[in-house]
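Dear colleague,

Please find below the structure that I am handing over to you. My notes on what was found in it follow directly after.

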Amino acid sequence: MSESFIIIIAAAVVFVFVMLMGIFRRYKRCPSDRILVVYGKVGSAKGTDVGRSAKCIHGGAAFIWPIIQDYSFLDLTPISIEVNLTNALSRQNIRVDVPSRFTVGISTEEGVMNNAAERLLGLTQQNIHDLAKDIIFGQLRLVVATMDIEEINSNRDKFLANVASNVEAELKKIGLKLINVNVTDIKDESGYIEALGKEAAAKAINDAKKSVAEKNRDGSIGEANALQDQRIKVADADAGAIEGENLAKIKVAQSDALRQEKEAEAQKIATAAEKVQAAKALEEAYAAEQEAENARAERDKATQTADVVVPAEIDKQKVEIDAEAEAEMIRRKAKGEADAILFKKQAEAKGIFEVLTKQAQGLEQIVKAAGENSRDAVLLLIADKLPELVSLQAEAIKNIKIDKVTVWDNGAKGKDGKTSTADFISGLYGSVPPLQEMFNMAGLQLPEYLKGKSNEEIQEMADEVKAKQAAEDPDSTEDSDTE
């Protein structure tokens, strides 16, 4: 009995173990890169009595009841689909080629997973690829037909958004999700898109050339301004003689900058006209060429003006500046001479003033010494100068050279009782002005102690001398009379 009991227990354990193993094997875990699809009797939809066709689980696990349920997996690996759409009609009836690549995968969104379980379960990756490619082809053609070529080419984000919206809506119906859209290049049979690209490239090139021209212009203006500052400082040191030259150079620099700007604008117009020829009619191209020629003519005219008018204006200003500089030099020279004359006269006046001042001070001291009596002061001055006056009187006949004097004197006396010899000597001494007369002419009276003898007294003294000589040497008198 014990053996039977052991056998029963062993059988029960084995049965339980088998049952547990079966239960454990029916418990299925879902990997992160798959969707677990449980089908069979899986219950009804929420809030309805309608039974569900399948139950989708992502990122979890479920127990699969034997007999009434079974399971399968849907692969979430992305599928890359190359779609080379050709000859698709745009809204302008222009056929375009849209080579693109779409990346799709089974959606994990609630509800969309059920669509995938109903329509894709059991299909291979290649079958899903072909099905999605057909849907994408149709929706891509539809999006191209609703847009202009310019819009497709320039507003690529809008085009991709429209494609993603239409394609994803259709892919959801079969349980797929659009992951990425990449349009490589869009072309058309007529070359319209290529012409638009050339036009955009031409515009970018023109903008770059314009920017370079503007930078060159700014550099020229900056250099001209720096040169202007340098010239202005030099002109201040040279009394403003070169200021006109600096202004002329500034005008030349400004003229060059303006000419460069005009040339840049003309080049921009010409380049734009050449690039537009590929996208516009032949008549518009001719009009653009004519406009470019007009711009070139204006540039040539501006160049000739800068070559002829500007140098003439510079020469004119140079002549004016030279004339102003010469006039300024004359004015400064005249001012310097006038200042020198004024300084000389002021120095002379100052010297005369000092001499007169000293003389006045000396006269004042003489008057004080004379007891405040002006007449006595004058006498003091005369007394000081008396030796000079006497010397001058003596000098009056001192230097008279008489080599030989012949006097014919027979001793006879004239009416005044004088002989010829006496008259000669008397007349010679009489030619010297006496001191008395000199004082009389000055309005003064000669002091008594300085007065000399009168003419009669002098004559008497001369006669006495002659008589005395005759008495001492009678022969000499006769000889002198004979002579």
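In these notes, a residue is buried when its relative accessible area is under 20%, exposed when it is over 50%, and partly exposed in between, with a 1.4 Å probe and protein chains only. By that scale Asn87, at 34% relative accessibility, is partly exposed.

The model is a predicted one, so that local features need pLDDT of at least 70 and side-chain atom pairs count only at pLDDT 80 or more, while totals for chains, interfaces and linings use all residues. Residues are numbered from 1 along each chain as its sequence is written, and side-chain values use heavy atoms, with hydrogens and water left out.

Overall composition

The chain contains 13 helices and nine strands; these are DSSP runs numbered from the N terminus, with helices being H or I of at least four residues and strands E of at least two. Of its 483 residues, 21% are buried. Contact here means heavy atoms within 4.5 Å. Among the chain's contacts with a separation of 6 or more, 67% are between residues 24 or more positions apart.

Nonpolar cores

I use "nonpolar core" for a set of buried Ala, Val, Leu, Ile, Met, Phe, Trp, Tyr and Cys residues joined through side-chain atoms within 4.5 Å. The largest such core has 40 residues, and Val98, Phe102, Phe159 and Leu171 have the most contacts inside it. Helix α3 (residues 125-145) supplies the largest share of this core, seven residues. Apart from it lies another core, of seven residues, including Cys30, Leu36, Val42 and Ile64.

Not counting residues up to four places away in sequence, Phe102 touches Ile79, Ser80, Ile81, Val83, Ile136, Leu140, Val163, Val167, Leu178, Asn180 and Val181. His129 is found in helix α3 and, at 17% relative accessibility, counts as buried. Beyond its neighbours within four places in sequence, His129 is in contact with Ile79, Ser80 and Ile81.

Helix α2

In helix α2 (residues 112-119), the buried residues include Val112, Met113, Ala116 and Ala117. These lie on the same side of α2, because they cover an arc of only 145° around the axis, the arc being that of the directions from the helix axis to the C-beta atoms. As a general point, an α-helix has 3.6 residues a turn, so residues three or four places apart point the same way. The buried residues of α2 pack against β2 (34-40), β3 (54-57), β5 (69-75), β7 (95-106), α5 (156-172) and β8 (176-183).

Strand pairing around β7

Two strands are taken to pair if DSSP finds at least two bridges between them. Strand β6 (residues 79-89) runs antiparallel to β7, and nine bridges join them; Ile79 has Val104 as its bridge partner in β7. Strands β7 and β8 also pair in the antiparallel sense, over seven bridges, with Leu176 in β8 the bridge partner of Ile106. Two bridges join β7 to strand β9 (residues 187-188), again antiparallel, and Asp188 in β9 is the bridge partner of Val96.

Two backbone angles deserve mention here. Most residues other than glycine have a negative phi, and most peptide bonds are trans. Asn87, in strand β6, has a positive phi near 55°. The hairpin of β6 and β7 has five residues between the strands, and in that hairpin Asn93 takes a positive phi near 60°.

Cysteines

How many disulfides does a search of the whole structure find? The search finds zero, a disulfide being a pair of cysteine sulfur atoms within 2.5 Å. Cys30 is in no disulfide, and its nearest cysteine sulfur, that of Cys56, is 9.6 Å away. Cys56 is likewise in no disulfide, with the sulfur of Cys30 as its nearest. Cys30 counts as buried at 10% relative accessibility, and Cys56 at 13%.

Lys28

Lys28 is found in strand β1 (residues 27-29) and is partly exposed, with a relative accessible area of 21%. Leaving aside neighbours within four places in sequence, Lys28 is in contact with Leu36, Ala61, Ala62, Ile64 and Tyr71. The side chains of Lys28 and Tyr71 are joined by a polar contact of 3.2 Å; the term denotes a pair of N or O atoms within 3.5 Å, where within protein one must be able to donate a hydrogen and the other to accept it, and residues adjacent in sequence count only if both atoms are side-chain atoms. The C-alpha atoms of Lys28 and Val38, ten residues apart along the chain, are 9.9 Å from each other.

With kind regards
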